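Here are my notes on the two-chain model you passed on. They are meant to be read with the structure open.

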Amino acid sequence: MGGILKQFSLLAVAAGGVFEGWNLLIVAGAVLLGLVVGAIPGLTGTMALALLINLTYTLPSDQAVAFMLGVYVGAVSGGLFSAIMLNIPGTPNAAATALDGYPLAKKGKGGKALFGGVLASCLGTILSCVIMMIATPFLSSIALKFGKWEMFLLAIFGITICGNLSVDCSPLKGWLAGFMGFFVALIGVESMYNSGRFVFISQLRSGVELIPALIGLFGIAEVLTVLQDRTPFEVNSDMGTILPNKEEFRALMKPLLRSTLIGCGIGAIPGAGEDIAAWLSYSTGKSSSKNKEEFGKGSFEGLACSETANNACIPGAMIPMLTLAIPGSTQAAMFLAALNLHGIQPGPMLTVKSPSFMYTVGLTLMVAAIVMLGLALVLTKPMVKILQINRKLLMPIIVTLTVVGAYASRTNLFDVKLMLVFGVIGFILRKLNFPLAPLTLGLILGGTADINFRQSLTMSGSVLTRVVGDILIVVVLYSLISGTIKTVKSTKEELASAKK
Amino acid sequence: MKKLVAMAMGLALVFTGSTAAMAAVFGNGTPTVYIGYGAGGGTDTAVRPVVAEMANYLGENINCVNMEGANSAVACDYVLEQPHDGYSMFATGTGGFSSYPIYNYSESSWQDWISFHPYSGPAVVFANKDSGVATTEDLFNYLAEGNSFGIGAYGNGPHTQFEAICAAKGVAAPAYSVFGSCADAAVGCIAGDVMVGAGSLSSVIDYLNGDMLVPIFVTCADPFEFTGIGVTTPSVTTEVEGTENIPNLNETWPIMIPRDTPQEIVDALVEAFNAAIETDAVKDFAAEKGFNIIGLTGEEADKFMSYSISGYSWTLFNAGLGEGNPADYGIPTLEEYDWETVKTTCEAYQ
């Protein structure tokens, strides 16, 4: 009882700091900045945090924490704006959002999709914060069970769901696209023995950068598609309300708990991250939904699966970072670096040195999520007007933004060329009716699967005696077998209909 | 309100990439430090506080961009390709930089750079708490059974130093498990992926102070006290005979600019660097992370770099790692090393 009371008193101490006027203002400004950064294709939360850390250096630590977390939350969600309105995910973690968000926009429900996406993000963050504040000690010990072998299996599981991400085409195409992405992810000097793989030009030594590749696949491919359309889609009618109706709201809420748990859990695993969480949540949601045929064609449920999970990942990533000083994602790693700059040392000693800090983080994230929802109410209507502009007129602006985004990720012109190459590849694949989602998943997970597999091979002792690994093997086998059956079945159906 | 306005202005500067026209040193844009390793990693964490204090001193923003790949050689070559005007700087670890000739990552050497070394840091060898390994003897017995040893990367400071320690002890180097970074090697050890490993002290000190790993020995000249657990860990020099030279190979994390950068920029950066390492913030950070502030610049820094390159590249070569031969690059062994001779290879000293 005394322990619970102590935790409540720590929560009260943290609340006193978080709800201080300046801190609230800073969170609001930071969330807005994060949303803008996230919405611009190529600019990610990691990049924003990397650039802004030094700017927060002169601020008191509580204000710096408020600022960094605000940017973090805003940037993770910001990607949904361009994903929904332009079919170009602003950040890699919004790639799954585009699958349903863009079709919703095409149906004239862009405003509802934007607000629904932000609502899902907000609720995912808040629920995940509650989990973080209650279950941190338990979850951090589970997270440590994910060694290299388990990470490899998790990545393989991600790749096995590629067939499931095929919309309006054979699952076989999904698998092929997935392995194409997997292959591309292996290009470059591998980090274990430093051997070059498919490095035909020196700029490829550091591999194919994910961000320019994604901007190309989605952004440039979209531009090329629009330019060759005689009558590209345009929304001329009044957009009406941005608030979802009862049925849409119910669809948004359906995956809330499951996606939050997936997001929070994936976030807690060191080395995973928001993009993996979004894809796994989307795939799981699609498999278990009663309306799975609507996924990929404009489903509010599908939209919520991705957006809830990627934001729920943020508090999840804080769990190992705060208790073990092990960041769950790249953005959490940047936050850890920022805390170090301000003399805050996360890790096992945190509960002794700054016992209320975990609550400060949790409450700040909640405030940031609520602010984000408020901003979405204000910003959505004007932003939706973008959908009413003739898309051929929009394209030059989009091309400029994509070039800036690709260049900004490493300030390297080669990345712009890379983006253009992937743009052409994406365009051709679209024409051949190959889904881009599995290709993205392969790109994201290929490197993780490769390095973790080879690292686990160098470990002494059998990996087959590890319980979490064994459970994952069963999950992977199930996914593989059910995926294969589905692929064979659908290929037969396709052949039969072709004969007819 | 002033703070908000200041922050808004700062953000505007970052995103527009322009600095005020009145800027004293960098009047034509925002300088950028390209950090050769990933965001939040050991080098990134080590470099940022110094860069932040340098920016404070200059009254101008300095961006930090992470450009990882090939043990930091990607960033190294990229900065060398940019105009040598001081707007593009490079940050790495001396361990990684010294391994370039062995792995043929880059043709760049210390002669190409002016470097500022804020601090040096030893490596620490650690064990999983359930491993039963608690002493140096336990460690070598455990490795003799063929068990693997976790490291961050081939050619980094802890790996090269452990190779030299094995050579001094007269035992074969262990089978390595490479984790990508020192902090990851420590996490792998906590998670039980490996039961023993080594990493830079700064990257793993929190896990050791947090009683999540057992420290076996450190590679500095003196014993090191882990205040969080109240344990004093011995120096390798008292644990393994013939390792007196190992502390000289402790890694540093220098900020570097091409050697032909205009002198007024170099002078301003040296001044800012010297001011930065005198600040309480950098001193406190160094103390928390187990760094020794050394503040090497000018000829001292060049001497340190060339000595490290000799030590690291020959240790790796003798261990049969990599493809390059240091002799082909005119790199002397540590036994042959003489600064007066070495410095004649650099145009700046002609």
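This is a predicted model: local features need pLDDT of at least 70, side-chain atom pairs count only at pLDDT 80 or more; totals for chains, interfaces and linings use all residues.

1. Side-chain atom pairs count only at pLDDT 80 or more, while totals for chains and interfaces use all residues.

2. Chain A, overall. Chain A has 19 helices and 2 strands. Its C-alpha atoms fill a box of roughly 75 × 60 × 50 Å along the principal axes.

3. Chain A, α8 and α18. Helix α8 (residues 210-228) and helix α18 (residues 436-457) of chain A have axes that come within 11 Å and cross at roughly 175°. Angles over 145 degrees count as roughly antiparallel, and α8(A) and α18(A) are therefore roughly antiparallel to each other. On the α8(A) side the contact is made by A:Leu210, A:Ala213, A:Leu214, A:Leu217 and A:Phe218. The α18(A) side brings A:Leu436, A:Leu439, A:Thr440, A:Leu443 and A:Ile444. By class, this contact of α8(A) with α18(A) has 9 nonpolar residues, 1 polar residue and no charged residues.

4. Chain A, α2 and α15. Helix α2 (residues 21-39) of chain A packs on helix α15 (residues 357-384) of chain A at an angle of about 60°, and their axes are 9 Å apart. That angle makes α2(A) oblique to α15(A). The crossing of the helices α2(A) and α15(A) is right-handed. From α2(A), the residues in contact are A:Leu24, A:Val27, A:Ala28, A:Val31, A:Leu32 and A:Leu35. From α15(A) they are A:Thr364, A:Val367, A:Ala368, A:Val371, A:Met372 and A:Leu375. The contact of α2(A) with α15(A) has 11 nonpolar residues, 1 polar residue and no charged residues.

5. Chain B, overall. Chain B comes to 14 helices and 14 strands. Its C-alpha trace spans about 65 × 50 × 30 Å along the principal axes. For 350 residues a compact globule would have a radius of gyration near 20 Å, and chain B agrees with 20 Å.

6. Chain B, an open sheet. In chain B, 5 strands form an open sheet with mixed pairing, in the order β7-β6-β8-β5-β9. Its edge strands are β7 (175-178) and β9 (213-218), each of which pairs on one side only. Direction ignored, neighbouring strands of this sheet are turned by 30° against each other on average. Within chain B, strand β5 (residues 123-128) pairs with strand β8 (residues 196-200) in the antiparallel sense over 5 bridges. B:Phe126 has B:Gly197 in β8(B) as its bridge partner.

7. Chain B, the helix across the sheet. Which strands does helix α8 of chain B lie across? Helix α8 (residues 182-191) lies across β5, β6 (148-151), β7, β8 and β9 of chain B. Helix α8(B) runs at about 155° to β8(B).

8. Chain B, α7 and α13. The axes of helix α7 (residues 157-169) and helix α13 (residues 298-318) of chain B come within 9 Å and cross at roughly 60°. That makes α7(B) oblique to α13(B). The helix α7(B) passes α13(B) in a left-handed crossing. Here B:Thr160, B:Glu163, B:Ala164 and B:Ala167 in α7(B) meet B:Tyr312, B:Thr315, B:Leu316 and B:Asn318 in α13(B). By class, the contact of α7(B) with α13(B) has 4 nonpolar, 3 polar and 1 charged residues.

9. The contact between the chains. Chain B gives 53 residues to the contact and chain A gives 44 residues. On the side of chain B that touches chain A, at least two residues each come from α1 (2-16), α2 (42-58), β2 (63-66), α3 (73-81), β7, α8, α9 (201-209) and α12 (280-289) of chain B. The largest share of that side, 7 residues, comes from α2(B). By class, the side of chain B that touches chain A has 28 nonpolar, 17 polar and 8 charged residues.

Notes: Residues are numbered from 1 along each chain as its sequence is written. Chains are lettered from A and ligands numbered from 1 in the order in which they are written. Two strands pair if DSSP finds at least two bridges between them. Helices (H or I, at least four residues) and strands (E, at least two) are DSSP runs, numbered from the N terminus. Axes are lines fitted to C-alpha atoms, for helices over the stretch in contact, and angles run from 0 to 180 degrees between N-to-C directions. Two residues are in contact if their C-beta atoms, placed from the backbone, lie within 7 Å. Ala, Val, Leu, Ile, Met, Phe, Trp, Tyr, Cys and Pro count as nonpolar, Asp, Glu, Lys and Arg as charged, and the others, Gly among them, as polar. Angles under 35 degrees count as roughly parallel, over 145 as roughly antiparallel, 65 to 115 as roughly perpendicular and the rest as oblique. A crossing is left-handed if the near helix is turned anticlockwise from the far one by less than a right angle, and right-handed if clockwise. The radius of gyration is taken over C-alpha atoms; the globule rule is 2.2 Å times the number of residues to the power 0.38.
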